[in-house]
Structure formats: structure tokens, C-alpha cells
Amino acid sequence: MNEILWTSWGIVITPWKIIGYAGTVLFTLRWVVQAVASRQAGKPTVPRMFWYMSIVGSAMLLGYFIFGKNDGPGIVSNLFPGLLAVYNLFLDFAHQKKNPPLAVPDEVADNRPVL
């Protein structure tokens with residue numbers, strides 16, 4: 001996966017670099033997801049999608065740093081956030097299991113008047 005796919009103006013693109021760039025984009029866009037969720041909620045909040053994006057982005061970056069670049073600092077800098085995201089997702093599921101959402105009658109959910 002280290003074969004060169006494209007080279008231009010001194011930029012070399014390999015499959016591992018594409019995975020690394022995609023992981024970086026995911027890892028960055030998770031903050032946009034968090035900001036949008038906080039704006040909609042009217043308070044700071046961290047949606048479950050944030051943790052999914054953290055895990056996938058971290059895994060992609062770990063793959064790049066382990067197999068594509070063999071870079072120790074890159075591995076260490078992405079290993080901890082990935083493990084922390086898995087732990088937080090576990091806590092989110094455990095919290096939801098202890099505190100299931102309240103059931104909403106169909107009339108309320110459909111915005112129909114309740115008689």
C-alpha cells in the first residue's frame with residue numbers, strides 16, 4: 001500500500017496517505033458535529049456521532065502511522081484519544097441503558113393535539 005498513486009509539485013500520494021488524510025478529516029469534522037449538536041441543544045453537548053467519528057478517525061490515523069509511516073509519536077498521539085473515545089462511547093451506552101428515554105405518546109410525537 002506504499003505504491004505511489006500520484007505525484008505532482010513534490011506531493012506524493014499513496015494509499016496510506018489517503019487513509020491518513022481521511023482520518024484527519026474525520027477527526028477534525030467531529031468538532032463540527034459537536035458544535036452543531038450544541039447549537040441545536042442550546043447548551044454544550046457531545047453527540048454519540050462525535051465518539052464514532054473519533055474512533056474511526058483515530059483508527060485510520062493509527063493505521064497510517066503504524067503501517068504507512070512507522071512513526072512512534074504519531075502512534076502514541078492517536079492511540080490514547082482512540083481508547084478514550086471507546087471508553088466514552090461505552091459510558092454513553094451504559095448511561096442510556098440505566099436511563100432509557102421516556103416514551104412519548106404517538107399524538108405528541110406527531111404534533112397532533114392530545115384530547
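# Close-up views of a predicted chain

**View A. Gly82 is found in helix α3.** This is a predicted model: local features need pLDDT of at least 70, side-chain atom pairs count only at pLDDT 80 or more, and totals for chains, interfaces and linings use all residues. Residues are numbered from 1 along each chain as its sequence is written, and side-chain values use heavy atoms, with hydrogens and water left out. Helices are DSSP runs of H or I with at least four residues, strands are DSSP runs of E with at least two, and both are numbered from the N terminus. Gly82 has a relative accessible area of 11%, so it is buried (under 20% relative accessible area; exposed is over 50%, and partly exposed is in between, with a 1.4 Å probe and protein chains only). Setting aside neighbours within four places in sequence, Gly82 is in contact with Ile55 and Ser58 (contact: heavy atoms within 4.5 Å). Leu61 and Gly82 are separated by 21 residues in sequence, and their C-alpha atoms are 9.7 Å apart in space.

**View B. The chain contains four helices and two strands.** Starting at the N terminus, the order of the elements is β-β-α-α-α-α. The chain has 115 residues, and 24% of them are buried. Among contacts with a separation of 6 or more, 46% are between residues 24 or more positions apart.

**View C. Helix α1 takes in residues 15–41.** The expected span of a helix is 1.5 Å times one less than its number of residues. For the 27 residues of α1 this gives 39 Å, and the end C-alpha atoms are 39 Å apart, so the two values agree. The buried residues of α1 are Pro15, Trp16, Gly20, Gly23, Phe27, Arg30, Gln34, Ala37 and Ser38. The cover over these buried residues includes α2 (48–69) and α3 (72–98). Just after α1 comes Gly42, with a positive phi of about 75°.

**View D. Gln34 lies in helix α1.** The relative accessibility of Gln34 is 16%, so Gln34 counts as buried. Apart from neighbours within four places in sequence, Gln34 is in contact with Thr45, Val46, Pro47 and Phe50.

View E. Beyond neighbours within four places in sequence, Arg30 is in contact with Phe50, Met53 and Ser54.

**View F. Asp92 and Arg48 are joined by a salt bridge between their side chains.** The N to O distance is 2.7 Å (a salt bridge is a side-chain nitrogen of Lys or Arg within 4 Å of a carboxyl oxygen of Asp or Glu). The pair links distant parts of the chain, with Asp92 in helix α3 and Arg48 in helix α2, 44 residues apart. The structure holds one salt bridge. Asp92 counts as partly exposed because its relative accessibility is 24%. Arg48 has a relative accessible area of 23%, so Arg48 is partly exposed.

**View G. A nonpolar patch on the surface is formed by Phe80, Leu84, Tyr87, Phe90 and Leu91.** Together these residues have about 530 Å² of accessible area. Patches are made of residues with over 30% relative accessible area and no salt bridge; like charges are joined within 9 Å, and nonpolar side chains (Val, Leu, Ile, Met, Phe, Trp, Tyr) within 5 Å. Tyr87 has its place in helix α3. At 47% relative accessibility, Tyr87 is counted as partly exposed.

**View H. Trp9 lies in the loop between β1 (6–8) and β2 (11–13).** Trp9 is not a glycine, yet its phi is positive, at about 50°. Its relative accessible area is 80%, so Trp9 is exposed.

**View I. Asn70 is found in the loop between α2 and α3.** Asn70, a residue other than glycine, has a positive phi near 55°. Asn70 counts as exposed because its relative accessibility is 65%.

Methods. Accessible areas come from the Shrake-Rupley method with a 1.4 Å probe; for residues, only the protein chains shown count as cover.
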